[in-house]
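Subject: Structure handover

Hi,

Here is the structure for you to look over. My notes follow below it.

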Amino acid sequence: MQKYDKIYKHNPEYFGHTSKQFTTMFNNLDFDAGLVLDLGAGQGRDAVYLANRGHHVIAVDTSAVGLEQLRERIEAEHLSIETVHTDAIGYAPQHQFDAIVCDRFFHELASNTRVRVLEKYIGHLKSDGYLLIADDKSVLPQLRDSLKKHGFEFIRDKNGILFALKP
Ligand SMILES: C[S@@+](CC[C@H](N)C(=O)[O-])C[C@H]1O[C@@H](n2cnc3c(N)ncnc32)[C@H](O)[C@@H]1O
């Protein structure tokens, strides 16, 4: 059983609610009914929040336990969320997304793969699509540099959050 399976099995609400920073950012946008990819979705706190705002969410994670807990919520609350149990490094989405959310996902990857994975996924983000990365401050500089190189406009770059718009 992998690390997060054990953690999630022990605590079905390990990460608690979606952070205030996260909800404030999305509440301030004129953005609803989009297709959103949640990478490293875990138990799905952000996916649930976004589905409740009217989005359809694809939630990707390697933790079978986290996704099973999320599926129970999807069924009970009739949420518009699909779960994909796979490694995001090799995953090839069939869609172009209106937003991609990576809430404490990138620090889980080896440092020499993060930019490659980011660049693959920004290829699946529509023009004018939103990218939200929340992570350890040490992880953000290489991701920020890559987003600048690709012409992203930063809506917020503060307190461990990169919130950017694709050109
Ligand atoms: C720190 S948790 C964050 C969970 C969720 N985003 C949240 O904020 O509640 C990181 C998650 O990334 C998942 N993860 C780690 N490496 C992954 C990979 N290569 N592909 C997909 N998911 C991965 C873990 O299973 C875990 O659920």
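UniProt, in an unreviewed entry, places the feature "domain: Methyltransferase" at residues 36-129. UniProt positions are given in the numbering used here, feature names are shortened, and annotations may be inferred rather than shown by experiment. The end C-alpha atoms of residues 36-129 lie 10 Å apart. The span is 33% helix and 29% strand.

Two notes before the rest. Residues are numbered from 1 along each chain as its sequence is written. This is a predicted model: local features need pLDDT of at least 70, side-chain atom pairs count only at pLDDT 80 or more, and totals for chains, interfaces and linings use all residues.

Overall fold

The chain has 6 helices and 7 strands. Helices (H or I, at least four residues) and strands (E, at least two) are DSSP runs, numbered from the N terminus. Their order from the N terminus is α-α-β-α-β-α-β-β-α-β-α-β-β. The C-alpha atoms fill a box of roughly 40 × 35 × 30 Å along the principal axes. With 167 residues, a compact globule would have a radius of gyration near 15 Å, and the chain agrees at 15 Å. That radius is taken over C-alpha atoms, and the globule rule is 2.2 Å times the number of residues to the power 0.38.

Buried residues make up 37% of the 167 residues. A residue is buried if 20 or more other C-beta atoms lie within 10 Å of its own, exposed if 12 or fewer, and partly exposed in between; C-beta atoms are placed from the backbone.

Strand β4

Start with β4, residues 97-103. Of its 7 residues, 6 are buried, so the strand is largely enclosed by the rest of the structure. Strand β1 (residues 35-39) runs parallel to β4, joined by 3 bridges. Two strands pair if DSSP finds at least two bridges between them. Here V36 has A99 in β4 as its bridge partner. β4 also pairs with β5 (residues 125-134), in the parallel sense, over 6 bridges. There F97 is partnered by L125 in β5.

β4, helix α5 (residues 114-122) and β5 make a right-handed β-α-β unit. Right-handed means that, with the strands pointing away from the viewer, the path from the first strand over the helix to the second runs clockwise.

The ligand shell

There are 19 residues around the ligand, and F15, G40, G42, A88 and E108 come nearest. A residue is near a molecule or strand if its C-beta atom, placed from the backbone, lies within 6 Å of it. α3 (45-52) and β2 (56-61) each supply at least two residues of the shell. The shell divides into 7 nonpolar, 5 polar and 7 charged residues. Ala, Val, Leu, Ile, Met, Phe, Trp, Tyr, Cys and Pro count as nonpolar, Asp, Glu, Lys and Arg as charged, and the others, Gly among them, as polar.

Residues to look at

Most residues other than glycine have a negative phi. A33 has a positive phi, near 55°. A33 lies in the loop between α2 (20-27) and β1. A33 is exposed, with 10 other C-beta atoms within 10 Å. R104 also has a positive phi, near 60°. R104 lies in the loop between β4 and α5. With 17 other C-beta atoms within 10 Å, R104 is partly exposed.

A76 sits in helix α4 (residues 64-77). A76 counts as exposed because 8 C-beta neighbours lie inside 10 Å.

Best wishes
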